[in-house]
Amino acid sequence: MIKSLVLASALAASGPAWAAEPASGAVEGASQDPSTRPLTAEERAQAVQELQDLRARMNRLESVLGVPSSPPALAVPPPARQAPADRNLELYGFLQLDAIQDFNRVNPDWEATLRPSRIPTTGGEFGTNGQSIFSVRQSRLGVKATGTLLDKPYEAKFEFDLYGVGADAGQTTMRVRHMYASWGPFLAGQTNSLFMDGDLFPNVIDYWGPTGMVFLRTPQLRWTFWNRNGFKMAAALEHATNDIDTGNLRLIDEDIASNIRNDEKVPDLTLQARYEGKWGHVQLSGILRRLGYETLGTENNEPRGHKTGWGVNLGTSLNVSLATLRLGAVYGRGIASYMNDGGMDFGPNVAVTPEPPSLVLVPSAEAVKLFGWTSYVDLNWSKQWTSSIGYSFDRVDNTNFQTATAFHKGQYASVNLLWHPASGVFTGGELLWGKRTDNDGNTGKDVRFQYSFHWDFSSKNLWSLFD
């Protein structure tokens, strides 16, 4: 900076004589103005010589004063470290309030949803008809990490809602939905079973949904060995659990009937083949499982044994104009644990052996046959109005030694109208009907109306909602 200022001053003071003279000839025309006419060869040589002399004098002056010949470089802080663009962490979920007017009754632990298997077939079992229910149990929170590791995509997810089940049935408490990590073709953790087709679940606001579809999230090890051009094939080993109905065994031996337990020595094997495109999708999945049982407190844990369970599940969704049609059918033996509602994997059977002068009952376990059906259509009337209407059922072939009150068939139907005033926000009402049929033919019904308010949120776009 010093050098530049001094050089400019020196140039102004010691330039050629014509640069310091007043432009007395300016009134005579532009040809007399030295600032507009080109320099002659002698003037250019003189100017270059004077600049070289000035530069030499400045160098000597800087040397005497100890001034560096060039200014020190400014220290520039390194750029802040940023996460790679292909790595993301998202917090997401939704808030939902369900206001339900039940015109009949269900098991109070399940009153915030409609499960046909929880409908009583005996009048007054859970009290008089008509209940008002408010619930926030559907509300959900999750966190998801995605990115690329060693040139393969990865995803890790932890998600829960507030719908208590099992020992927490009827409570508003944390229930894990997904907890898994995937990398490339491999997945480990809890998520949807490969035997399940999640795209069959319609746009209903009831929590549990259609009774006749496979629906289970379970711990598993999965390998997707083919995934190209919309076609995918995968296999998994999944956590095994058996639902055993001891039925009338208590009439033979009460102690044995109360002490029969699951015996799950190997995991379930599931397979899936799926093709999808803009028109929708089609999926075929299967399951092979070992169903085992044993008795506690007896010698060698007898009676004990096992059966082979198996199932086939076929589903499709078809996009037709403003509608999406969802159809699914499932059939097998010992697959009730994978169904959305109703049924049992094991049921007791007896063979009658004549041994004069009496008859001997020989009990055994049977993998129960089951068939399920789902048919729904989702309708997009406009960007703000949608509906869903459909019917679903599942039916088991009860064994000959189950009780009269054992579940035989569950039916489910619903229709709704939803308003979506903004992205991620909807509200509306749904009319639901359910029916349960027992082994002896007794039935129970439930009719209810549900109004819900729902708001999605995500760390990616939360603040944009207020723009």
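This is a predicted model: local features need pLDDT of at least 70, side-chain atom pairs count only at pLDDT 80 or more; totals for chains, interfaces and linings use all residues.
A salt bridge is a side-chain nitrogen of Lys or Arg within 4 Å of a carboxyl oxygen of Asp or Glu. Residues are numbered from 1 along each chain as its sequence is written, and side-chain values use heavy atoms, leaving out hydrogens and water.

**View 1. Arg 326 and Asp 378 form a salt bridge.**
The N to O distance is 2.9 Å. Arg 326 lies in strand E13 (residues 323-333) and Asp 378 in strand E16 (residues 369-380), so the pair ties together parts 52 residues apart in sequence. Strands (E, at least two residues) are DSSP runs, numbered from the N terminus. Both Arg 326 and Asp 378 are buried. Buried means under 20% relative accessible area, exposed over 50%, partly exposed in between (1.4 Å probe, protein chains only).

**View 2. Arg 289 pairs with Asp 268 in a salt bridge.**
Their closest N and O atoms are 3.1 Å apart. Arg 289 sits in strand E11 (residues 280-295) and Asp 268 in strand E10, so this pair links parts 21 residues apart in sequence. Arg 289 is buried at 3% relative accessibility. Asp 268 is buried at 0%.

**View 3. Asp 263 and Lys 265 form a salt bridge.**
Here the closest N and O atoms are 3.3 Å apart. Asp 263 counts as buried, at 10% relative accessibility. Lys 265 is exposed, at 59%.

**View 4. Salt bridges link four residues in a network.**
The members are Arg 140, Glu 159, Asp 161 and Arg 177. The whole structure has 17 salt bridges.

Technical notes. Helices (H or I, at least four residues) and strands (E, at least two) are DSSP runs, numbered from the N terminus.
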